[in-house]
Amino acid sequence: MITKSSPLESDMEAYEIAQASTEFIRMKLPEDYRNPSVVIVCGSGLSNITNALEDSVSIPYSQIPHFKESTVAGHAGKLVVGKLNKVPVVCMSGRLHTYEGHSITDTVFPIRVLSHLTKQPEGEVPATFIATNAAGGLNKSYRVGSLMVLNDDINFPGLAGLHPLKGPNDERYGPRFLPMSDAYDQSLRQKFFDAAEETGVASRRQINEGVYAFVSGPTYETRAESRMLIAMGADAVGMSTVPEIIVARHSGMRTLAVSLITNVCITEPPTLDKDESGIEHASHAEVIAAADEAAKDVQAIITHLITKL
């Protein structure tokens, strides 16, 4: 039996390790929950989505072989499996980040496992992967509480070599050189906007499409870094999601990602009548508060969207 402490870098192949973790999860689930078709990753403060799942089953990450534990406030650290509008769904209530000290391989290992759990029969529509996150707004038109559907990203850690597909490639998942120009599924993005209109959320909450810049954190961006990101075409910035999208795509899933803008990035120094200590700062408490307020609207859109898959 594989133990919790067994490293991924062992004499077992990573593929077999992921399969073993998947079987552990399946044994904890009722039979009709063992092959869900939708994965939802709940970002900071957005785990309330799991409250909408009917007859749900929760499995703490600490119990799952090879899963690392989340240490960030607002990330519960458990899998929740249930039905949303009669559709079997598995939610990651909390994600893993490299800034917690996890290797990038460990942060995306749950996505590999969930790609096994949600693998659909040959000829069927692939599973859908939906990632949510809290992000800082760079685009000057974005307001706190608005949503941004990702249509592209800038993977700064990946460009510098911290990439989830680095190392030997397993063709059972996907190709060595994965194209990312179409990573964010256009059909799913349209369905999200349709669901926002049909639920009425679009009438009370700003919803945009834009480019997400992935940075490693855990510090929030300096003013100069924010100006650089804007100059490079980024509309929002955050510390997650992109590695998960890469691995989900590599594993054959259709992918959608949505950012909740929880703070506005500071780009300019304080005015002359204020000293440096008077500048506005981003804070994690601010992120959680904004996410709590918007969680019901995000939940409403995703619940409705699932009926269209």
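**Exercise 1. Describe how helix α1 packs against helix α2.**

Solution. Begin with the geometry: helix α1 (residues 14-27) and helix α2 (residues 104-117) pack at an angle of about 65°, and their axes are 8 Å apart. Axes here are lines fitted to C-alpha atoms, for helices over the stretch in contact, with angles from 0 to 180 degrees between N-to-C directions. Therefore α1 is roughly perpendicular to α2, a label used for angles of 65 to 115 degrees. Next, take the handedness: α1 passes α2 in a right-handed crossing, the near helix being turned clockwise from the far one by less than a right angle. Then list the contact (heavy atoms within 4.5 Å): α1 contributes Y15, I17, A18, Q19, S21, T22, I25 and R26, while α2 contributes F109, R112, V113, H116 and L117. Finally, sort these residues: seven are nonpolar, four polar and two charged.

A word on the model: it is predicted, local features need pLDDT of at least 70, side-chain atom pairs count only at pLDDT 80 or more, and totals for chains, interfaces and linings use all residues. Residues are numbered from 1 along each chain as its sequence is written, and side-chain values use heavy atoms, leaving out hydrogens and water.

**Exercise 2. Is S21 buried or exposed, and what does S21 contact?**

Solution. First locate S21: it is found in helix α1. Its relative accessible area is 0%, so S21 is buried (under 20% relative accessible area, with a 1.4 Å probe and protein chains only). Now set aside neighbours within four places in sequence; S21 is then in contact with I64, P65, H66, F109 and V113.

**Exercise 3. Work out which strands pair with β1 and how β1 is covered.**

Solution. Start with burial: in strand β1 (residues 38-42), five of its five residues are buried. Now look for partners, where pairing takes at least two DSSP bridges. Five bridges join β1 to strand β4 (residues 87-93), and the two run parallel; here C42 stands opposite S93. Four bridges join β1 to strand β5 (residues 128-137), again in parallel, and I40 stands opposite I130.

**Exercise 4. Find what R249 touches.**

Solution. R249 lies in helix α6 (residues 242-250). Not counting residues up to four places away in sequence, R249 touches L178, P179, D182, A183 and T255. As a distance check, the C-alpha atoms of R249 and G174 are separated by 8.3 Å, though these residues are 75 apart along the chain.

Definitions and conventions. Parallel < 35°, antiparallel > 145°, perpendicular 65-115°, else oblique. Nonpolar A, V, L, I, M, F, W, Y, C, P; charged D, E, K, R; others polar. Buried < 20%, exposed > 50% of the residue type's maximum accessible area, 1.4 Å probe, protein only.
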